[in-house]
Amino acid sequence: MEVQLTSDQKAFARRAVESGRFHSEEEAVQEALALWEERERRRVAFLATLDDARASLTRGEGRVITQESMRELAAEVRERGRARLIAELAQ
């Protein structure tokens, strides 16, 4: 496969080689593709997680996040903490 880089991309790769970051412009391009590949893997994993979360909500699981639901959650967490502290002190 032959790829044509823009003059800015060629200069960028050349500077990376000149600075010692890479041994060749090809190595710089390979690194760029590896980073792109990793980013795409993370994107696919994130989208799968998002699909799982949506399915969970569709099943009625989870919480809808609003300011009120966050206040309620904070109150629940505080109450659980108090209950745990009281139980520990009672022992």
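## Surface, fold and salt bridges of a predicted chain

The chain exposes about 8,300 Å², of which carbon and sulfur atoms supply 57%; accessible areas come from the Shrake-Rupley method with a 1.4 Å probe, and for residues only the protein chains shown count as cover. This is a predicted model, in which local features need pLDDT of at least 70 and side-chain atom pairs count only at pLDDT 80 or more, while totals for chains, interfaces and linings use all residues. Residues are numbered from 1 along each chain as its sequence is written, and side-chain values use heavy atoms, with hydrogens and water left out.

### Overall form

The chain has 3 helices and 0 strands, in the order α-α-α along the sequence. Helices (H or I, at least four residues) and strands (E, at least two) are DSSP runs, numbered from the N terminus. The radius of gyration is 26 Å, whereas a compact globule of 91 residues would have a value near 12 Å. This radius is taken over C-alpha atoms, and the globule rule is 2.2 Å times the number of residues to the power 0.38. Along the principal axes, the C-alpha atoms fill a box of roughly 70 × 35 × 25 Å. Of the 91 residues, 8% count as buried; buried means under 20% relative accessible area, exposed over 50%, and partly exposed in between (1.4 Å probe, protein chains only).

### Salt bridges

Side chains of opposite charge can pair when their charged atoms come close. The structure holds 7 salt bridges, each defined as a side-chain nitrogen of Lys or Arg within 4 Å of a carboxyl oxygen of Asp or Glu. Among them are the following.

| Pair | N to O distance |
|---|---|
| R41 and E37 | 3.2 Å |
| E38 and R42 | 3.3 Å |
| E79 and R82 | 3.8 Å |

In helix α2 (residues 25-58), R41 and E37 are 4 residues apart, which is about one helical turn. E38 and R42 also lie 4 residues apart in helix α2, about one turn of the helix. E37, E38, R41 and R42 are linked in a network of salt bridges. E38 is partly exposed at 28%, whereas R42 is exposed at 56%.

The pair E79 and R82 belongs to helix α3 (residues 67-90), where 3 residues, about one helical turn, separate them. E79 is partly exposed, with a relative accessibility of 46%, and R82 is partly exposed at 47%.
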